[in-house]
Amino acid sequence: MSSYNELAESYDEGRFWEYDDPAHRIPTLAHVLRLKEKDVLLDVGCGTGYYLDLLMQRTGCRGIGVDPSEPMLRIARRRNSGLDARVGFAEKLPVPNGVIDALLCHHAAHHFADVPQFLREGNRVLAYGGRIALITVSHKQMQCHPLYQYFPELLSIDVRRIPDVDVLSSWMSEIGFTQIEVQVVDRSSIQLSWDRVFDYITRKFMSPMRLLTEAHFEAGRFAFEERVRASGLAACPVESYSITNGVAEHLRSES
Ligand SMILES: C[S@@+](CC[C@H](N)C(=O)[O-])C[C@H]1O[C@@H](n2cnc3c(N)ncnc32)[C@H](O)[C@@H]1O
């Protein structure tokens, strides 16, 4: 988490490496969360509030963001002064029972120490009929990420720390969520300049890169540079790279 304190000011730059337009998933998120005006949307692990702000603007919902990193939340407050940014952890949400209409967790659950406890907390804070959307990447999708060829240790790190979508779905079901669906929320096809890719790697924007040993990181960076020299290509060969995300959605059962 402390790395997010250090990364906060540049965090949003990394987002534009991965997606040609990171905002294009907003209509789908609004749809799966069935957001409407005045709904209370809780974003757990909201970071700099990028998605929360866009969803508030699009739907007129009210937004609460929870994140342990104060520097990330400072940027969220700067981005949208109407956003209620609270320091806290997913495993002990600083929110009363049953007051949330929709809960978003966008690429953050793999950082939580106890994901089932987060889901229990989600169930506690959601109102009857509340919706939850967990945005993650499936293990199958991870195999397609081009950087894993050069940093093979990243794949084993991510497989260990990111629960696969069927595991998330079965935890949700055990906790009492119903109508769970897994679906793709976004596909992106991008063509990148080598400079952008080098910048992304050197600045370790992909968070598991910060977990690699320096030796593994340098070996991967070297392999990547060798590939560039050998290829003589002008752009990174990831133009057909598609990013797809699983969503588990539920309606909280009446208790
Ligand atoms: C990859 S970032 C995603 C941020 C944001 N959801 C987005 O997509 O732009 C992960 C976020 O999870 C937060 N985080 C880490 N551990 C957490 C925890 N136990 N509870 C809530 N958030 C946590 C980090 O501080 C960071 O802001």
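**Reading a predicted model, step by step**

User: Which residues of helix H9 are buried?

Analyst: Count neighbours to decide. A residue with 20 or more other C-beta atoms within 10 Å of its own is buried. In H9, which covers residues 165–175, the buried ones are Val165, Leu168, Ser169 and Met172. They span an arc of only 100 degrees around the axis, so they sit on the same side of H9.

User: What comes just after H9?

Analyst: Gly176. Its phi is positive, at about 115 degrees.

User: Now another helix. Is Val228 buried, partly exposed or exposed?

Analyst: Buried needs 20 or more, exposed means 12 or fewer, and partly exposed falls in between. Val228 has 13 other C-beta atoms within 10 Å, so Val228 is partly exposed. Val228 belongs to helix H11, residues 214–231.

User: Which residues have the most contacts inside the largest nonpolar core?

Analyst: The largest nonpolar core holds 44 residues. Those with the most contacts inside it are Leu41, Leu42, Val44, Leu103, Leu104, Cys105 and Ala133. Take Leu42 as an example. Set aside its neighbours within four places in sequence, and Leu42 is in contact with Ile64, Val66, Val95, Ile100, Leu103 and Val125.

User: How many residues surround the ligand?

Analyst: There are 21, and the closest are Gly45, Gly47, Ala90, Ala108 and His111. Then sort the shell by type. It divides into 12 nonpolar, seven polar and two charged residues.

User: How many helices and strands are in the protein chain?

Analyst: The chain has 11 helices and nine strands. Of its 255 residues, 33% are buried. Look at contacts along the sequence as well. Among those between residues at least 6 apart, 75% join residues at least 24 apart.

User: Where does pLDDT stay under 50?

Analyst: Start with the whole chain. The mean pLDDT is 84, and 84% of the residues reach 70 or more. Over residues 238–243, pLDDT stays under 50. The model has 18 contacts beyond four places in sequence for that stretch.

Definitions and conventions. Residues are numbered from 1 along each chain as its sequence is written. This is a predicted model: local features need pLDDT of at least 70, side-chain atom pairs count only at pLDDT 80 or more; totals for chains, interfaces and linings use all residues. Helices (H or I, at least four residues) and strands (E, at least two) are DSSP runs, numbered from the N terminus. The arc is that of the directions from the helix axis to the C-beta atoms. A residue is near a molecule or strand if its C-beta atom, placed from the backbone, lies within 6 Å of it. Ala, Val, Leu, Ile, Met, Phe, Trp, Tyr, Cys and Pro count as nonpolar, Asp, Glu, Lys and Arg as charged, and the others, Gly among them, as polar. A nonpolar core is a set of buried Ala, Val, Leu, Ile, Met, Phe, Trp, Tyr and Cys residues joined through C-beta atoms within 7 Å. Two residues are in contact if their C-beta atoms, placed from the backbone, lie within 7 Å. pLDDT is the predictor's confidence in each residue, from 0 to 100.
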